[in-house]
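Here is a short briefing to read alongside the model. Please keep the viewer open and follow the topics in order.

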Amino acid sequence: MHGLNPDQDRGSNIVEPGIRLPVRRAGIDTYRQPVLYLHQGCLVCRAEGFAALARVRVKCGDREIVAILNVVTGDWLSEDEAALSEAAWQALSPGAGALAEFAHAEPPESTGAVRAKVFGARLGEADFAAVLQDVLAARLSDIELAAFVTACAGERMDLNESVALTRAMISVGERLDWGAGPVLDKHCVGGLPGNRTTPIVVSIVAALGHRIPKTSSRAITSPAGTADVMATMTKVDLDLATLRRVVESEGGCLASGGTMRLSPADDALIQIERPLDFDSDGQMVASILSKKAAAGSTHVLIDIPVGSTAKVRTPAAADAIARRLAFVGEAVGLRVGIHVSDGRQPIGWGIGPALEAHDVLAVLRNAAVAPIDLRERALDVAGAVLDLLPGATQGHGRAQASEVLRSGAALRKFLAICGAQGGFQAPGKAQFVKPYLATVGGRIMCINNRHLARVAKLAGAPHDATAGVMCMLREGDRIDRGAPLFEVHTTTRGEMDYALDYAFAHPDVLTIGADQP
């Protein structure tokens, strides 16, 4: 049989260690999980007793991974070869004609910490560090990581555990040092469609001569993250050397943190949270502050939008998150400021990477068509960031921010940052645009942030950069029957139908009430 060791007795039932098989690329995307495919009649499966979902150690040349086994019963894979998912193939990088060896992989020691957390135990920094090290080495399966993420959700992680997780996340990644003096940053906990204040805030703060090395994640549960929006206008996947050059040149950056290993374990956890469509307070705080500390920030403003259909729904919930942020921030050496904002409805007209980018540019250009709510929210946040500076006069920051925006200095700084990161390009526009029409006339009583974001995601955002929703209505606005409530932007007709079907099935995306005299 092809792939057997030459000295193996083909007629014997005794199989010696070191059975090798040629490997090929399956061409299957299994997200971040390395997956090995073997035929059910394969000698390795029979000899080793491998069954579906077994943890298998795969060695190819000088590289080794732990993969989850999927057993093939069809004829697309022969009994004398193995196939690797994209994640496994990228990790092993086998050459042409490469042979791989297979063996049982013992569960990593950190599975004990995962099980302990599932049963309600409190974990310390060493426990979290062990889990995160195994995450980075791909020794934990997605099933185990999903169990870990779920076990830490809700009220199951206390303040000290949030500190321990944050420190562990910092310890397993790179950490930047910008020298003496304040290094500013901001973050929004999310849950509000649009609200793309970050590019505007960074441009204002950097234009005033302050350092603000902003790194952002791609979208987790939303139709767009800051990195997704910025990727429509410039290069965001920077290495550490490039990021440092950009910040030293322009005072700020607008980069994706996913390629710089500033908090790589958190990036892996985010990839688990994304399909689960949730992130918990304890992990959210650890995620935010570990990345801020790793990026070398010293003063961080956190924006918490509060609304009945936002991520944070009540003032009490905002207070709980604020207390956790302040507690953990102090423990890891950060000065954390809290900005609680109105999260009842979207901010800006566009929802989706390119649509939000157009809003950002309109505000920076002081265009007459710029969304006023985005402009005002950005100035509020920029002012609060500036008020964090040592010796700042409280409340003076907003006036400074307003003047920098009005003068065009913020726009010039934004374009300079884009130029330093690789050049500016105009965001694109979707091929298909279709309005969703009001079935009755009246006044907008409520906008459901979650449903509106869902429409944008079904339209293709954020993976299709030009896809999303354009909604220019706000609570209290009057609308006539048959007028557009919002527009859906897609790159395919199928996604258009899919998004509109969801909107028709959820008429409370925008609730229309009787028009009062």
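Asn-366 sits in the loop between α13 (353–364) and α14 (372–386), where helices (H or I, at least four residues) and strands (E, at least two) are DSSP runs, numbered from the N terminus. This is a predicted model, in which local features need pLDDT of at least 70, side-chain atom pairs count only at pLDDT 80 or more, and totals for chains, interfaces and linings use all residues. Residues are numbered from 1 along each chain as its sequence is written, and side-chain values use heavy atoms, with hydrogens and water left out.

**Backbone features in loops**

- Asn-366 has a positive phi, near 55 degrees, in a residue other than glycine.
- With 35% relative accessibility, Asn-366 counts as partly exposed; buried means under 20% relative accessible area, exposed over 50%, and partly exposed in between (1.4 Å probe, protein chains only).
- Ser-93 is not a glycine either, yet its phi is positive at about 45 degrees.
- The loop that holds Ser-93 runs between α2 (86–92) and β6 (99–104), and Ser-93 counts as partly exposed at 43% relative accessibility.
- A cis peptide bond, with omega about 5 degrees, links Ala-461 to Pro-462.
- Pro-462 belongs to the loop between α17 (449–458) and β15 (468–470).

**A buried asparagine**

- Asn-195 is in the loop between β7 (184–188) and α7 (198–207), and at 5% relative accessibility it counts as buried.
- Which residues does Asn-195 contact, leaving aside its neighbours within four places in sequence? They are Cys-188, Asp-303, Pro-305, Ile-347, Leu-374 and Arg-377, where contact means heavy atoms within 4.5 Å.

**Helix α4**

- Helix α4 (residues 125–136) has 12 residues and spans 16 Å from its first C-alpha to its last, close to the 16 Å expected at 1.5 Å a residue; the expected span is 1.5 Å times one less than the number of residues.
- Its buried residues are Phe-128, Ala-129, Val-131, Leu-132, Asp-134 and Val-135.
- An α-helix has 3.6 residues a turn, so residues three or four places apart point the same way.
- Ala-138, which follows α4, has a positive phi near 60 degrees.

**α4 against α6**

- The axes of α4 and α6 come within 8 Å and cross at roughly 45 degrees; axes are lines fitted to C-alpha atoms, for helices over the stretch in contact, and angles run from 0 to 180 degrees between N-to-C directions.
- α4 and α6 are therefore oblique to each other: angles under 35 degrees count as roughly parallel, over 145 as roughly antiparallel, 65 to 115 as roughly perpendicular and the rest as oblique.
- On the α4 side the contact uses Glu-125, Phe-128, Ala-129 and Leu-132, and on the α6 side Glu-161, Ala-164, Leu-165, Arg-167, Ala-168 and Met-169.
- The contact of α4 with α6 comprises 7 nonpolar, no polar and 3 charged residues; Ala, Val, Leu, Ile, Met, Phe, Trp, Tyr, Cys and Pro count as nonpolar, Asp, Glu, Lys and Arg as charged, and the others, Gly among them, as polar.

**α6 against α11**

- Helix α6 (residues 159–171) packs on helix α11 (residues 281–294) at an angle of about 40 degrees, with the axes 8 Å apart.
- That makes α6 oblique to α11, and their crossing is right-handed.
- The contact of α6 with α11 has 6 nonpolar, 6 polar and no charged residues.

Methods: A crossing is left-handed if the near helix is turned anticlockwise from the far one by less than a right angle, and right-handed if clockwise.
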